[in-house]
Amino acid sequence: MIQLIDNRTAVVCVSHVEYGGGQRYDLLKMADVAHDHDALLVVDATQSAGAVPIDTSACGVDVLVSGGYKWLCGPFGAAVMYLAPHLQNKLDPGLVGFRSHKDMWDLQADRLEFPTTAQRFEYSTMAYGCAIGLARSIEYLVDVGVARIFSYNKHLANLLIEGLEERNVEIISPRNDAEQTSIVAARFPGKDPAEVARKLKAAQVMVSWRKDFVRFSPHLYNQPADIQQALDRIEEIL
Ligand SMILES: Cc1ncc(COP(=O)(O)O)c(C=O)c1O
């Protein structure tokens with residue numbers, strides 16, 4: 001991806017963590033290359049926020065967005081966006097509405113002045129109830145500590161990987177420290193992944209079937225006993 005960035009690049013848009021195999025990218029490295037070419041780095045953190053620590057100012061991202069219903073454990077209907085301070089007065093929102101105006105209640109419809117913060121992107125009323133639910137989830141996760149969650153989840157992932165490998169299941173997620181997350185994607189030789197996922201679900205082990213693999217996503221609410229339960233069911237399936 002870095003090799004594709006050149007002087008014709010305006011925006012580099014990348015997932016922090018890949019939805020399939022869980023590969024985690026070095027955002028600072030991406031940001032440096034993007035900025036060397038006057039491009040912006042826009043990051044989708046839907047598969048990392050809440051499970052992987054993110055220091056937006058240290059990693060040089062310009063924009064970061066995340067859905068709330070995955071690792072942030074929030075309800076459907078709310079999401080978050082971070083806009084780097086240097087862009088807050090500079091980027092024009094593509095969508096505007098009555099809340100786009102900095103003094104929206106002056107109700108003057110003959111001109112539009114944006115707020116000088118990321119609020120300029122909040123152009124409409126929204127699902128406030130969902131936003132409150134998401135805020136509570138974020139508070140909870142921050143209270144537990146995202147760095148702790150990251151390391152705990154990787155511990156669970158490693159228990160799972162160990163057990164899968166003992167059963168000759170092929171792991172396709174990265175294993176090195178720089179790229180690993182708790183997403184574990186696995187291929188079951190000779191087995192239909194949809195069928196494996198269906199049987200696991202019937203046994204209360206929630207996994208996702210994606211392409212030719214099965215994806216496991218252990219998070220802070222899981223225990224080592226859950227991993228063992230998954231491995232026992234897999235043993236039966238195999
Ligand atoms: C990286 C990533 N971004 C976005 C989404 C979906 O976001 P939304 O449901 O808000 O469209 C997903 C869902 O799997 C995802 O993995």
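The questions below take the terms one at a time.

Mentor: Two remarks on the source come before them. Residues are numbered from 1 along each chain as its sequence is written. The model is predicted, and local features need pLDDT of at least 70, side-chain atom pairs count only at pLDDT 80 or more, while totals for chains, interfaces and linings use all residues.

Trainee: What counts as contact between them?
Mentor: Two residues are in contact if their C-beta atoms, placed from the backbone, lie within 7 Å. The contact of the domains takes 15 residues from domain 1 and 21 residues from domain 2. On the side of domain 1 that touches domain 2, eight residues are nonpolar, five polar and two charged. Here Ala, Val, Leu, Ile, Met, Phe, Trp, Tyr, Cys and Pro count as nonpolar, Asp, Glu, Lys and Arg as charged, and the others, Gly among them, as polar.

Trainee: Why are α2 and α3 called roughly perpendicular?
Mentor: Helix α2 (residues 128-144) and helix α3 (residues 146-166) pack at an angle of about 75 degrees, with axes 5 Å apart. Axes are lines fitted to C-alpha atoms, for helices over the stretch in contact, and angles run from 0 to 180 degrees between N-to-C directions. Angles under 35 degrees count as roughly parallel, over 145 as roughly antiparallel, 65 to 115 as roughly perpendicular and the rest as oblique. α2 and α3 are therefore roughly perpendicular to each other.

Trainee: Which residues make that contact?
Mentor: Leu141, Val142 and Val144 of α2 meet Val146, Arg148 and Ile149 of α3. By class there are five nonpolar, no polar and one charged.

Trainee: How do you know that β3 and β4 pair?
Mentor: Two strands pair if DSSP finds at least two bridges between them. Strand β3 (residues 63-67) and β4 have five bridges, in the antiparallel sense. Gly67 is bridged to Ala79 in β4, and Leu64 stands opposite Tyr82 of β4.

Trainee: What makes the pairing in that sheet mixed?
Mentor: The open sheet has four strands in the order β1-β2-β3-β4. β2 and β3 run parallel, joined by three bridges, with Val43 bridged to Leu64 in β3. β3 and β4, by contrast, pair in the antiparallel sense.

Trainee: What makes β1 and β4 edge strands?
Mentor: β1 (11-15) and β4 (79-83) each pair on one side only. Helix α1 (residues 27-36) lies across β1 and β2 (40-44), at about 150 degrees to β2.

Trainee: How is the pairing in the other open sheet described?
Mentor: Its four strands have the order β5-β6-β8-β7, with antiparallel pairing. β5 (170-171) and β7 (208-210) are its edge strands. Two bridges join β5 to strand β6 (residues 184-187), and Glu170 has Arg187 as its bridge partner in β6. Three bridges link β6 and β8, where Ala186 is partnered by Val214 of β8. α3 lies across β5, β6 and β8 (213-216), running at about 10 degrees to β6.

Trainee: Which residues surround the ligand, and what puts a residue near it?
Mentor: A residue is near a molecule or strand if its C-beta atom, placed from the backbone, lies within 6 Å of it. Ser15, Tyr19, Asp44, Thr46, Gln47, Gly67 and Ala79 surround the ligand. The shell has two nonpolar, four polar and one charged residues.
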